[in-house]
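Work through the exercises below with the sequence and the structure open. Each task is followed by a solution in steps.

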Amino acid sequence: MDRGGTIMGPICRNKTTKEAVVQLPGSILITGASSGIGDALARLYARSGVTLFLSGRNAGRLASLADLCKSRGATVHSKIVDVTDSTAMALWIGECDAQAALDLVIANAGVSGGGQGISHGLDATRPILATNVDGVVNTVLPALKLMQQHGHGQIAIMSSLAAFRGLPGSPAYCASKAAVKAWGEGLRVRYASDGVRISVICPGFVETRMTADNPFPMPLLMRGDRAATIIQKGLTRNRGRIAFPFGTYAASWLLNILPTNLTDWMVRNLPAKE
């Protein structure tokens with residue numbers, strides 16, 4: 001039980017009826033909340049009795065999101081924080097936890113090879129890895145330490161189906177998502193005995209500002225609110241890997257297990273993002 005009396009765990013049992021009752025987290029921190037999946041998750045979790053700690057890069061969009069979540073009854077604290085700044089992130093996460101012990105931390109902030117402010121070609125590698133890998137590490141490590149002290153908590157790491165195979169058009173992005181996928185899967189097993197649940201999220205194409213820059217067709221493109229619902233259900237059930245949609249997941253899985261010579265030929269003509 002946390003400081004506010006919220007029962008932790010995705011499911012508790014009613015001893016009288018023996019029915020499973022879902023307990024949603026009461027204190028949630030989301031990075032990259034000013035757009036895309038982070039925005040959709042904040043909207044989905046916003047309700048009376050919930051405290052949301054939101055960070056993002058765009059002050060205007062973050063403020064609008066905070067107002068919307070407040071209108072739904074949530075207590076909201078928003079802040080512009082650079083996820084690549086480990087000191088600033090540790091300080092912010094500590095401050096948030098002191099206000100309301102964190103039940104769920106979603107390390108969502110990320111960039112792709114395109115879009116405003118992101119360089120292209122080989123020059124894109126460092127900024128992509130800095131945000132998608134270092135930014136995740138800077139979010140997870142402080143949260144993990146606090147949750148170990150509390151004896152409970154849940155961490156969600158945003159990876160991608162791009163993690164299953166390096167693609168010539170986005171090698172840095174694929175590498176960054178593969179790194180956090182493997183890291184999260186290892187952390188899940190290592191810290192389960194401490195009461196910390198860790199899940200890795202691997203979405204396919206979702207309608208976001210990031211995918212809006214993609215100059216190619218995106219199969220099984222999904223709305224942000226639909227993706228958020230799938231993620232929430234997966235986290236509630238403590239699934240280690242939340243990968244969707246099934247068709248794109250199956251294709252990514254096949255690319256991962258087929259012989260390299262064959263998959264090299266299959267992906268060689270894919271368009272470039274970086």
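A polar contact is a pair of N or O atoms within 3.5 Å; within protein, one of the two must be able to donate a hydrogen and the other to accept it, and residues adjacent in sequence count only if both atoms are side-chain atoms. The model is predicted: local features need pLDDT of at least 70, side-chain atom pairs count only at pLDDT 80 or more, and totals for chains, interfaces and linings use all residues. Residues are numbered from 1 along each chain as its sequence is written, and side-chain values use heavy atoms, with hydrogens and water left out.

**Exercise 1. Find the side chain that makes a polar contact with the side chain of Arg165, and describe the surroundings of Arg165.**

Step 1. The side chains of Arg165 and Thr263 are joined by a polar contact of 2.9 Å.

Step 2. Arg165 is located in the loop between β7 and α5 (171–191); helices (H or I, at least four residues) and strands (E, at least two) are DSSP runs, numbered from the N terminus.

Step 3. Arg165 has 17% relative accessibility and therefore counts as buried. Buried means under 20% relative accessible area, exposed over 50%, and partly exposed in between, with a 1.4 Å probe and protein chains only.

Step 4. Contact means heavy atoms within 4.5 Å. With neighbours within four places in sequence left aside, Arg165 is in contact with Cys174, Leu255, Thr260, Thr263, Asp264 and Val267.

Step 5. Leu255, in helix α7 (residues 246–257), touches Arg165, Thr263, Met266 and Val267 when residues up to four places away in sequence are not counted. Leu255 and Val267 are twelve residues apart in sequence, and their C-alpha atoms are 9.2 Å apart.

**Exercise 2. Determine whether strand β4 (residues 51–56) is enclosed or open, and state which strands pair with β4.**

Step 1. Six of the six residues of β4 are buried, so the strand is largely enclosed by the rest of the structure.

Step 2. Taken face by face, Thr51, Phe53 and Ser55 are buried on one side, and Leu52, Leu54 and Gly56 on the other.

Step 3. Two strands pair if DSSP finds at least two bridges between them. Strand β3 (residues 27–30) runs parallel to β4 and is joined to β4 by four bridges; Ile28 has Leu52 as its bridge partner.

Step 4. Strand β5 (residues 75–80) also runs parallel to β4, with six bridges between them. Here Leu54 stands opposite Ser78.

**Exercise 3. Which residues touch the most other members of the largest nonpolar core?**

Step 1. A nonpolar core is a set of buried Ala, Val, Leu, Ile, Met, Phe, Trp, Tyr and Cys residues joined through side-chain atoms within 4.5 Å.

Step 2. The largest has 32 residues, and Ile30, Leu41, Tyr45, Leu52, Leu54, Ile231 and Phe244 touch the most other members.

Step 3. At least two residues of this core come from each of β3, α1, β4, α2, β6 (104–107), β7 (153–158), α6 (224–236) and β9 (241–244).

Step 4. The contacts of Leu54, not counting residues up to four places away in sequence, include Ile30, Ala42, Leu62, Val76 and Trp92.
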